[in-house]
Amino acid sequence: MQQVDVLVIGAGAAGLMCAAQGGYRGRNVVVVDMGKKPGRKILISGGGRCNFTNEHASAHNYLCNNPHFVKSCLSRYTQHDFVDLVERHGLAYHHKTLGQLFCDNSAQDIVDILMTECQWAGVHVQLRSEVISVEKAQQGYVVTTSTQTYACESLVVASGGLTMPKLGATPIGYKIAEQFGLKVLPTMAALVPFTLHQHDKDRFDGLSGISVECEVSSECNTQFRENILFTHRGLSGPAILQISSFWRAGQAVTINLLPDLSVEQWLAQQRQDNPQKSLKNALATILPKRFVEMLHETNAIADCNVNQLSHSQINELGNYLHRWQIKPNGTEGYRTAEVTLGGVDTDELSSKTFEAKQSPGLFFIGEVTDVTGWLGGYNFQYAWSCGWACGQAC
């Protein structure tokens, strides 16, 4: 049995950040992970370039049963602190819209920075090491893995959620939480594309690849304005991924296809400027042509010239295009989801240290907890912030 001060389960963003911080405090830290490589989700994130934080990150950008829980760690280790870290390592990065920061080269650069920090802090990372069992000891915990048994004072569970099972996602973190009496809130796939009912799939056949900037709203009145993307399976794109975190089975989403103009006013102008133009051709100047053809073929828009529209038809068309409703069949699930909604109830944890209130020395950080960020670097920032905070205490 190997005696260590801190054992971290999971060599992902939160786990590696925590391990390095603990190591810098002089703690003997070991990280175990069942994968062949550290930071597997980091490597595929952001199209391989890792959207590693967001300039605008605040508690407002997170879903959690306790909306105040993330305030402490986000204020103690901010996005600016992480940018300072990567700049010290010479990372080349660039800004994108909505405050997103991406690596210029590769997501591997972020993993390399974390592994270098762990190396400098004297942390040992043991890969291909699956956790078999966890037991409470008189002093701390005993963790048996497929390669070694560890006795540790502090056990940090940073095992992630259920997303992307091909990368080795397992429910081990939830099982450990339940084993020690912590409440685990129901989980579901989030930041995930929608699938559609067959009648909508048939209707949208041929639209795959079309992208439209829209404003998408959930039934709880949350709104996001970004692109939607038609796919072979349904709807995707940033706006859809964002709203999926707020959608529940059986609900509809409302899409404003033309958020920058009033259809009624635009048609009034068209009646003056292009009265003989067909409605289909007129709409094709402000919406993708294939999308307009689909509306025409399914009789969603009138087959007439602009000047033949009645006032009631104009109002109906405005209502349709500004409040287009789609009721998804479901989502693509954990296979393609970016994060897991739900998880270890944050009421069970200290918001300052992430230690379980009823199990001293046991900590939960990262995606395994009931904290889910918006799309756009927010989930990584939570990983850095909670990892840092836990690393000061474990």
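In this predicted model, strand 3 and strand 6 (residues 100-103) pair in the antiparallel sense, with three bridges between them. Within this pairing, N51 stands opposite F102 of strand 6. Strands of a sheet pair through backbone hydrogen bonds, in either a parallel or an antiparallel manner. The two strands belong to an open sheet of three strands with the order 3-6-5 and antiparallel pairing. Strand 3 (51-54) and strand 5 (93-95) are the edge strands, each pairing on one side only. From one strand to the next, the twist averages 25 degrees. Helix 4 (residues 79-88) packs on the sheet and touches strand 3, strand 5 and strand 6; the direction of helix 4 makes about 140 degrees with that of strand 3.

The largest nonpolar core has 130 residues, of which I42, I110, L155, F230, F364 and W384 touch the most other members. Helix 13 (residues 378-391) gives the most to this core, contributing nine residues. Apart from neighbours within four places in sequence, W384 is in contact with A13, M17, I42, F52, Y77, F82, I110 and L114.

Buried in helix 12 are I314, L317, G318, L321 and H322. These residues cover an arc of only 115 degrees around the axis and therefore lie on the same side of helix 12. An α-helix has 3.6 residues a turn, so residues three or four places apart point the same way. The buried residues of helix 12 pack against strand 16 (253-256), helix 9 (263-273), helix 10 (279-283), helix 11 (289-297) and strand 17 (324-326).

Definitions and conventions:
Residues numbered from 1 in each chain as written. Predicted model: local features only at pLDDT ≥ 70, side-chain atom pairs only at ≥ 80, totals over all residues. Heavy atoms only, no water. Core = buried A, V, L, I, M, F, W, Y, C linked by side-chain atoms within 4.5 Å. Buried < 20%, exposed > 50% of the residue type's maximum accessible area, 1.4 Å probe, protein only. Helix = DSSP H or I, 4+ residues; strand = E, 2+ residues; numbered from the N terminus. Contact = heavy atoms within 4.5 Å. Pairing = 2+ DSSP bridges. Axes fitted to C-alpha atoms, helices over the stretch in contact; angles between N-to-C directions. Arc of directions from axis to C-beta.
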